[in-house]
Amino acid sequence: MPLHWETFRPRDLLSDIADYRLSRPLVHTTLEASQPWWSALVELQDISIREFQERVQIRFPDYLVIPADYDADDRDRVEDTQFVSIFARKPLLNALNRHSADYSVIGLTLGTTVAASDLPDVDPHDDNTHRKVIQVPEGTVITAVIDDAIAFAHNLFRDSVVSSRVEFATILSTSSEQLSQGSASGRSYSKAQIDELLREYTTNGLLDEPAFYAAVGLVNAGSKAFSPVALRRSHGTHVMALAAGHSMRDAPINRPIICALLPPRVTEDSTGQNTLPSFKLALKRLCDQAARFRLPDKSKPPVIFNFSYGNFAGPHDGTSDIDRVIERYFGPRAKKHDADQTRQIVLPAGNGNLTRIHADLNQQNAKSKAKGPSWTLDFVAQPDDRTSSHLQMWIPYHATNPPPRFVGVRVTVPSGPTSKTAYVSGSTGQRLIDENGQEVARLTYRFDGGRTLRGVMTFSINPTAHQSSIDLARAGRWQIDVTSCDMGSDDSVQIWVERDETLPGFLPGGRQGYFNNADYVYFNPLGAPLPVDPVGTTSSIHRAGTLSGYACGKTPMVVAGFTQSNRLLSDYSAAGPITPSRGKKKANRLGPDAAALADNSPVLTGVLSAGSNSGSLTRMGGTSVAAPRLARLAVQKTSEGVETDRKWLWQLAESEDPNSQGAVTRTGAGQVDIPVDFVLPDRD
């Protein structure tokens, strides 16, 4: 039978994307195993971790691992809702996604595959090294960094040749090849252990860095596994140096560092929201470690976190899983339960401003037809894309449940057939079947309950290039036709394309899909990329609303990026506004809170910071490098007794940039100049 669409009745799922990914063969970023383990984040309701685990073990023995970071108190605590990072096999994940009520699971976010030898089968704090109280001087503020590929033995993170300022570093996983040679899973290092390794691998005042990183499991020249720290430039090293780097000769005694290294596979695999389970585990681990520090008066010093990651998809209204995880650790609830330690977090605004990954469908940009308002989107699936692509169409909030039948959606394959219309509140979906009888695309609707209370239509397609046994989708323009059914004059459907590009340094894999409607004005009259939507545009593809899906909560300090030479916001720096949640009239934020330096000029892009090797500097741009500059300033001001939060940042930006002419949805309150004092490699 030729390529054709089928109508089917979707299961009642917690996550359509998780179901789609679990039903696909493993691709190049995952492990070839008959029954692989996956990382995942589950949201439990009115149940303890211990009872959840006991329920699972009845039907799925040996299919669940809960990290030992959750101690006895954590496992016995019952909360109205709580997020827990787990490791599970596919049959259990399918059950949690489809029969969640049996286990009191109300949310599931799928991470990425994990080698069996990578599972946290031992307590990462199984000795007293990581439990002892750390005495620190007055004025201490902790810098906490969650990133990948942090070369934590770099000279900018030391106060002498064999003495580190890193009080705690945890590597969330290593490759199976490294583990087979004796490296422990999820290994953590205290300052004493790092200093011991520095002494062991230092000769005549020079550190043998390849040997050091091989010893901690970050580099293995004999392995096929990718080692980002072995590259000249590594994202985490660059970011952490901007946030906390100091010359050894000038290293302060009251600026300790704690850091968590996310698994490289999480950064490499772009087939869904893989970061969140690892981020949640890293966040818990670092918060536990930050609580060990004590000032002379026995109180706990403040801690400033930096997380220079972002994402395109999600509801963008402050109710996504990552927004609520961040609020749990940094919002009012955290201040209530952890009142003895102040925590703040800094996030980047994102780099998606020009990527054409966002559409806003409303009555003003609709194409009027006899049957009512409608819209057509041309979604381009790029050739040689070796990962699946996903679009999320978020429906407006409505007080009724189920909501009105706002819109209907149908999809046309490039030079191929058109699906039947799938409706909001409908009970059927559409799936594309190829000549081999295999599903290569799917269109489904689900009502996202809990805090979001909005419907979401999800469109997913297979890779367009061979990398495994998976059947391929066609590259080219997929036409998405949306027809209004019950949309009001003030309603809008917000659509985002899930992030899918492979980051620099990794093997080729994902290629970012994008919208390519003819009415989208890409260039200004001089031929340069237009960084804002033109006035009066009738295009439904918008730069506005591209703010990172991770940066939509109430609490984080969110930072855009500007260019030094012209004092303009960098073209890629993403913009708000975001959507109000649950029918509220006002959203959590208009966009980022302020802008910091991200590029020296339009030609000399990026800024200098630490390379992977001591004594080296490399250049990297993006809002990822603007955020740690702000984190650095927040650390300094916090040590001076200033309460650093979004309100402080807004007031600071207004005072430093009173004549800012930028739109608030892109620049926030204005630009903040934050010098970093290691402009030359350390020669100590």
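**Close-up A. Thr 202 has its place in strand E12 (residues 202–203).** Strands here are DSSP runs of E with at least two residues, helices are runs of H or I with at least four, and both are numbered from the N terminus. The model is predicted: local features need pLDDT of at least 70, side-chain atom pairs count only at pLDDT 80 or more, and totals for chains, interfaces and linings use all residues. Residues are numbered from 1 along each chain as its sequence is written, and side-chain values use heavy atoms, with hydrogens and water left out. Thr 202 counts as buried because its relative accessibility is 17%. The classes are buried under 20% relative accessible area, exposed over 50% and partly exposed in between, with a 1.4 Å probe and protein chains only. The Thr 202 side chain reaches the backbone oxygen of Leu 198 at 2.5 Å. Such a polar contact is a pair of N or O atoms within 3.5 Å; within protein, one must be able to donate a hydrogen and the other to accept it, and residues adjacent in sequence count only if both atoms are side-chain atoms. Leaving aside residues up to four places away in sequence, Thr 202 touches Val 161, Val 162 and Leu 207. A contact is heavy atoms within 4.5 Å.

**Close-up B. Strand E10 (residues 166–171) is mostly covered.** Six of its six residues are buried. E10 pairs with strand E14 (residues 257–261) in the parallel sense, over five bridges. Pairing requires that DSSP find at least two bridges between the two strands. In E14, Cys 259 stands opposite Ala 169. E10 is also joined to strand E11 (residues 188–190), by three bridges, and these two run antiparallel. There, Thr 170 stands opposite Ser 188 of E11. In a regular strand, side chains alternate between the two faces of the sheet.

**Close-up C. Helix H10 covers residues 275–290.** H10 has 16 residues and reaches 22 Å from first C-alpha to last. That is close to the 22 Å expected at 1.5 Å a residue. The expected span is 1.5 Å times one less than the number of residues in the helix. H10 is mostly covered, with 15 of its 16 residues buried.

**Close-up D. Val 325 is found in helix H11.** H11 (residues 321–330) is mostly covered: nine of its 10 residues are buried. Among them are Asp 321, Asp 323, Arg 324 and Glu 327, along with Ile 322 and Phe 330. Val 325 counts as buried because its relative accessibility is 1%. Apart from residues up to four places away in sequence, Val 325 touches Leu 41, Phe 83, Leu 276, Phe 279, Lys 280 and Leu 283. Val 325 and Leu 276 are 49 residues apart in sequence, yet 9.1 Å apart in space, C-alpha to C-alpha.

**Close-up E. Seven strands form an open antiparallel sheet.** Their order is E1-E23-E24-E25-E20-E27-E18. Strands E1 (4–8) and E18 (358–362) are the edges, each pairing on one side only. Direction ignored, neighbouring strands of this sheet are turned by 20° against each other on average. For such angles, axes are lines fitted to C-alpha atoms, for helices over the stretch in contact, and angles run from 0 to 180 degrees between N-to-C directions. Ala 359 stands opposite Ile 495 of E27.

**Close-up F. Ala 149 and Lys 298 have positive phi without being glycine.** For Ala 149, phi is near 55°. This residue is in the loop between strand E7 (142–147) and strand E8 (158–160). Ala 149 is buried, at 7% relative accessible area. For Lys 298, phi is about 75°. Its loop runs between strand E15 (293–294) and strand E16 (303–307). Lys 298 counts as exposed because its relative accessibility is 59%.

**Close-up G. A cis peptide bond joins Gly 576 and Pro 577.** Omega is about 5°. Pro 577 lies in the loop between strand E30 (568–569) and strand E31 (594–599).

**Overview. The chain has 15 helices and 33 strands.** Of its 684 residues, 61% count as buried. Among contacts between residues at least 6 apart in sequence, 78% join residues at least 24 apart.
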